Each structure stands twice: as structure tokens, then as C-alpha cells.
Amino acid sequence: DPIVSVGGAWCSYGDFLAVRNVSFAVPRGSIHALLGTNGAGKTTLLETIQGFRAPAHGRIEVFGLDPARERARVAARTGTMLQESGLVDEMTVAGQLALWQGLSLREDRPDRVLELVGLSHRRRVPVSVLSGGERRRLDFAMALWGGPELVVLDEPTTGLDPQSRRTMWRIIRDLVSTGSAVLLTTHYLDEAQSLAETVTILDRGRVAREGSMEGVLASIPATIGFAVAATAKQLADLAARLDGDLDASPAAAGMRVDVRTARLQEDVGRVIDWAGGCGLALDGLRCSPASLEEVFLDVAEAVDAERTSA
């Protein structure tokens with residue numbers, strides 16, 4: 001059974017519908033990215049999953065429980081890292097974790113989680129003098145306390161340097177390898193693409209894209225690009241062979257060619273066969289599937305087009 005199951009959920013503030021008919025699941029031992037622009041409904045949905053509110057319609061279950069009715073039981077098995085920390089500036093780092101130890105129903109040791117997030121050397125330092133990135137790591141240590149079965153991470157790497165981000169990614173992957181599940185929101189789309197197996201992209205409370213990361217990335221064309229000293233006739237011959245769309249423009253090496261295709265492997269082979277048959281060299285050949293950023297921008301462009309036509 002999935003750790004988190006959202007089925008046809010609607011969430012509202014009075015007459016305003018913030019989340020509309022959203023469904024997805026987060027299996028044990030997996031990472032699910034919940035993405036969307038500001039105001040898309042992510043925060044409302046996260047609050048509902050954590051039991052701070054009940055959905056207006058539909059079903060939300062965490063560990064098979066209704067989080068709004070059995071919030072204490074859900075919270076005991078969930079670690080949460082919010083955008084806004086609840087740290088006490090006057091306490092030391094070790095004191096903050098000692099306080100957390102007394103509040104948490106899960107058992108752990110401050111030294112273990114501090115070493116995990118790379119803050120052992122700051123254990124006697126007041127929280128008030130920590131850098132922004134160190135505060136985020138302390139927040140992360142509290143979310144990881146006791147090895148929770150579900151970890152909710154809301155913009156976890158904001159303010160972190162690249163090395164600290166990579167360290168956090170490794171810790172998240174290690175946690176998932178033990179069977180925990182992670183529900184992640186982030187504005188760093190490369191982070192979501194690197195970590196998550198499944199993804200839901202929200203737009204104005206609705207699901208714009210949802211499914212496996214591979215399937216969502218495949219929802220828009222991949223690209224093939226290169227420069228080549230080819231004639232217009234030769235390029236016309238190539239275009240006729242491809243499943244994708246070819247666009248060519250003048251470049252220093254002759255012509256700059258970009259192909260957008262839903263059949264990347266087949267069209268790469270055709271490009272190479274065409275170049276070999278014509279005795280042409282392909283300069284700077286690159287082949288890449290769509291990125292999550294491109295999918296996100298495609299969703300945004302569709303929204304803008306809808307608003308323009310309305």
C-alpha cells in the first residue's frame with residue numbers, strides 16, 4: 001500500500017477552490033515531487049496531507065489513516081521540514097535538538113543527526129549565529145529525527161550552497177533506500193528531476209502533468225542539435241527521413257540544425273546515417289530528452305495561451 005494516497009481531493013477556503021480533483025500516490029521507498037507555480041495549491045495540499053485541514057471532497061490517506069482525524073498518529077511517523085523554521089535563536093544547536101528529543105515520539109540521538117547533516121562542529125553554537133544554509137541543515141536534522149517513515153520536505157535546499165545541496169540529496173536517497181517515502185516540493189527543477197521517481201505538476205489547483213518522471217519528461221519532444229556544412233537539398237532530404245521537426249539556420253560551420261522529436265533514438269540513428277551517406281561531419285552533436293524545466297515552461301505557456309484566448 002502507498003504511504004500517501006490522494007484520490008480526487010478538493011480543498012477550499014470558503015468559496016475559493018485551491019485544489020481541484022487531485023490524485024496521486026507515494027509508495028514506500030520512493031520520492032514524489034509536488035511542483036507548481038506560486039498559488040498553484042501546493043501548500044494547501046501539503047497542509048491537508050499533514051492533517052491541518054480536511055479536504056472539502058475526495059480522499060486523502062497517510063499510512064492508511066485519515067490525517068485530519070488521526071493527526072497525532074500520522075505525525076508520530078512523519079518528519080517535516082517547512083519553508084519557515086521553528087528554531088529558537090537563544091538555544092545552542094545541541095540544545096535545540098535536546099528540546100526536540102523531549103517533544104518527539106521517535107527515539108534518536110542528537111549526535112547522530114548532527115553528524116548526518118554535517119553540523120557536529122557547530123553543536124555548541126547558538127542558533128542565532130548560524131548561516132541560512134546551516135539553519136536549513138538543522139531543520140533537516142529535526143525532520144530526519146528517528147528515521148520517520150514519511151518525510152515532507154518543503155523547499156529543503158533553499159539557501160544551501162551546491163555542495164550542501166548534493167549532501168542533502170545523498171541523505172534523502174539513503175533514507176529512501178531504507179523504505180521511507182519522501183514528498184518533496186522545490187523550485188529547483190533539476191533537484192526534482194534528479195531525486196524523484198514520480199511527479200505531479202499543479203496549475204491553479206489542477207493537475208497539469210502527473211506520473212513517472214520518465215513519462216512526464218516524454219510528454220514534450222526531445223532535442224537533437226548539431227552544426228553541419230550541408231546544402232539546402234541535403235537538409236531537405238534529412239527532414240524527409242525524420243519523425244521529428246527540423247529547424248535550420250545559418251551558422252559559422254554552415255548550418256545550425258535543431259530537431260525536436262518524440263522518437264529520439266530512431267531520429268538520432270537517422271541523422272547519423274544521413275551524415276555518413278553524405279560524407280558530412282556533425283559538429284557539436286548533442287542529443288537530450290526534455291528536461292523538467294522544459295515541461296514546466298510548457299505548462300506555463302499553455303496557461304498563458306489559455307488566458308490570452310479567454
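Strand S2 and helix H1 each give at least two residues to the lining of the second largest pocket. The share of H1 is the largest, at 4 residues. In this predicted model, the second largest pocket has 16 lining residues, and Gly39, Ala40, Gly41, Lys42 and Thr43 are the ones nearest its centre. Sorted by class, its lining holds 5 nonpolar, 8 polar and 3 charged residues.

Helix H1, residues 42–49, also contributes two or more residues to the lining of the largest pocket. The other elements that do so are helix H2 (71–75), strand S5 (78–81), helix H3 (93–103), helix H5 (132–144) and strand S6 (150–154). The lining of the largest pocket is made of 33 residues. Nearest the centre of the largest pocket lie Gln50, Thr78, Gly79, Thr80 and Trp100. By class, the lining of the largest pocket consists of 18 nonpolar, 9 polar and 6 charged residues.

Searching the whole structure gives 1 cavity of 30 Å³ or more. The lining of the largest cavity consists of Val117, Arg137, Phe140, Ser164, Thr167, Met168 and Ile171. Helix H5 and helix H6 (162–177) each provide at least two of the lining residues. Helix H6 provides the most, with 4 residues. In terms of class, the cavity lining has 4 nonpolar, 2 polar and 1 charged residue.

The volumes of these spaces are listed below.

| Space | Volume |
|---|---|
| Largest pocket | about 720 Å³ |
| Second largest pocket | about 190 Å³ |
| Largest cavity | about 40 Å³ |

Strand S2, named above for its part in a pocket lining, also belongs to a sheet. This open sheet has 3 strands in the order S2-S1-S4, and their pairing is antiparallel. Strand S2 (16–26) and strand S4 (57–62) are the edge strands; each has a single partner strand, so one side of each is left without a neighbour in the sheet. From one strand to the next, the twist averages 25 degrees. Strand S1, residues 4–13, is joined to strand S4 by 5 bridges. Within this pairing, Val6 has Ile60 of S4 as its bridge partner.

Another antiparallel pair is formed by strand S8 (residues 198–203) and strand S9 (residues 206–212), which are joined by 6 bridges. Thr198 is bridged to Ser212 in S9. The hairpin of S8 and S9 has 2 residues between the strands, and Arg204 in this hairpin takes a positive phi near 50 degrees.

The last topic is the aromatic rings. The structure contains 0 aromatic pairs.

Technical notes:
Residues numbered from 1 in each chain as written. Predicted model: local features only at pLDDT ≥ 70, side-chain atom pairs only at ≥ 80, totals over all residues. Heavy atoms only, no water. Pairing = 2+ DSSP bridges. Axes fitted to C-alpha atoms, helices over the stretch in contact; angles between N-to-C directions. 1 Å grid on protein atoms, 1.4 Å probe; cavity = no way out; pocket = protein on both sides within 12 Å on 5 of 7 lines; lining within 4 Å. Points joined across faces, edges and corners; volume = space filled by probe spheres on them. Nonpolar A, V, L, I, M, F, W, Y, C, P; charged D, E, K, R; others polar. Phe/Tyr/Trp six-rings, centres within 6.5 Å; stacked < 30°, edge-to-face > 60°.
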